[in-house]
Amino acid sequence: ESVLHCELSERERDIYEAVRAATRKSVVERLRAGGNVIEALEALLRLRQASCHPALLPGQASSDESGPLPSAKTDVLLEALDEAVSEGHKSLVFSQWTSFLDLVEPRLREHQIAFDRLDGSTRDRGGVVERFQAQDGPPVLLLSLRAGGTGLNLTAADHVFLLDPWWNPAVEAQAADRAHRIGQERPVMIYRLVARNTVEERILALQERKRALAE
């Protein structure tokens, strides 16, 4: 297991800091006044989305007059997938947001990397798994954390990419276990993509505390 740190571009950082500035003061004030914690969770959600891709934020398109919105996460992911595919590895790519997988798809096509996808809207789950497990199947499978996190045997993969850290480390572990099943004969590499100097680093720290408690 390892962490792939992603440095937000200047444009991404501006968007992230704008979201933080817009929400922090009002959330702190309302919590001090006995307000509902739901508003704080909503603010954290927006910061987590801004850490992954600006287009995940409400009202943000995937591009503007200056071109496609940048995403350090997708850049790091594509660089790692290019290397993995060239070395003959198959990879699982998990996100909790299907909208993030939507943004990853065109980048995979740009890099001419074949892929399949499994999320809550997938009807023929067995067919997707069978195609991926086949020796001549696509080298990349995109999965939503909820739909693909349990009950699947995907031992054709030996690389797992977790695009966005989740509060509960057990959920991530279940997802990674799709590749680390009976029948797997190779070491499984698990990569967590984390944006530097964002709320994602705090989530990683929280995960470590939860793991220590569980142990």
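I count a salt bridge where a side-chain nitrogen of Lys or Arg lies within 4 Å of a carboxyl oxygen of Asp or Glu. This is a predicted model, in which local features need pLDDT of at least 70 and side-chain atom pairs count only at pLDDT 80 or more, while totals for chains, interfaces and linings use all residues. Residues are numbered from 1 along each chain as its sequence is written, and side-chain values use heavy atoms, with hydrogens and water left out.

**Entry 1. Salt bridges**

I searched the whole structure and found 16 salt bridges. Side chains of opposite charge can pair when their charged atoms come close.

I looked up D75, whose side chain meets that of R107 in a salt bridge of 3.1 Å, N to O. D75 belongs to helix 3 (residues 72-86) and R107 to helix 4 (residues 98-110), so this pair ties together parts that lie 32 residues apart in sequence. For the elements I use DSSP runs numbered from the N terminus: helices are H or I with at least four residues, and strands are E with at least two. I noted a relative accessible area of 40% for D75, which is therefore partly exposed. My classes are buried for under 20% relative accessible area, exposed for over 50%, and partly exposed in between (1.4 Å probe, protein chains only).

I then turned to E105 and R109, whose side chains form a salt bridge of 3.1 Å, N to O. E105 and R109 are both in helix 4 and 4 residues apart, so about one helical turn separates them. E105 is buried, because its relative accessibility is 14%.

The next pair I recorded is D116 and R131, with a salt bridge of 2.8 Å, N to O, between their side chains. This pair links distant parts of the chain, with D116 in strand 5 (residues 115-118) and R131 in helix 5 (residues 125-133), 15 residues apart. D116 counts as buried at 15% relative accessibility, whereas R131 counts as partly exposed at 42%. I also found that salt bridges with shared partners join D102, E105, R109, R117 and D119 into one network.

**Entry 2. Largest pocket**

Rolling a probe the size of a water molecule over the atoms shows where empty space is left. I worked on a 1 Å grid over the protein atoms alone, where a pocket is an open set of points that a 1.4 Å probe fits, with protein on both sides within 12 Å along at least five of seven lines; lining residues have an atom within 4 Å of a point.

How much space lies in the largest pocket? I noted about 490 Å³. Its lining comprises 19 residues, and Y16, L44, L47, V199 and R202 lie nearest the centre. Helix 1 (10-32), helix 2 and helix 8 (199-214) each supply at least two residues of this lining. I sorted the lining residues into 12 nonpolar, 3 polar and 4 charged. In this sorting Ala, Val, Leu, Ile, Met, Phe, Trp, Tyr, Cys and Pro count as nonpolar, Asp, Glu, Lys and Arg as charged, and the others, Gly among them, as polar.

**Entry 3. Nonpolar patch**

On the surface I found a nonpolar patch formed by L31, V37, I38 and L41, with about 350 Å² of accessible area together. Patch residues have over 30% relative accessible area and no salt bridge; nonpolar side chains (Val, Leu, Ile, Met, Phe, Trp, Tyr) are joined within 5 Å, like charges within 9 Å. Helix 2 (residues 37-52) gives the most to the patch, with 3 residues. I38 is in helix 2 and counts as exposed at 52% relative accessibility.

**Entry 4. Backbone and distances**

Which residue in the loop between helix 4 and strand 5 did I look up? I looked up Q112, which has a positive phi of about 55° although it is not a glycine. Q112 is exposed, with 75% relative accessibility.

N197, also not a glycine, has a positive phi near 55°. N197 lies in the loop between strand 8 (189-195) and helix 8 and is exposed at 54% relative accessibility.

Finally, I checked L108 in helix 4, which is buried at 0% relative accessible area. From L108 to R181, 73 residues apart along the chain, I noted a C-alpha separation of 27 Å.

Conventions
Areas by Shrake-Rupley, 256 points an atom, 1.4 Å probe, with all protein chains shown as cover. Points joined across faces, edges and corners; volume = space filled by probe spheres on them.
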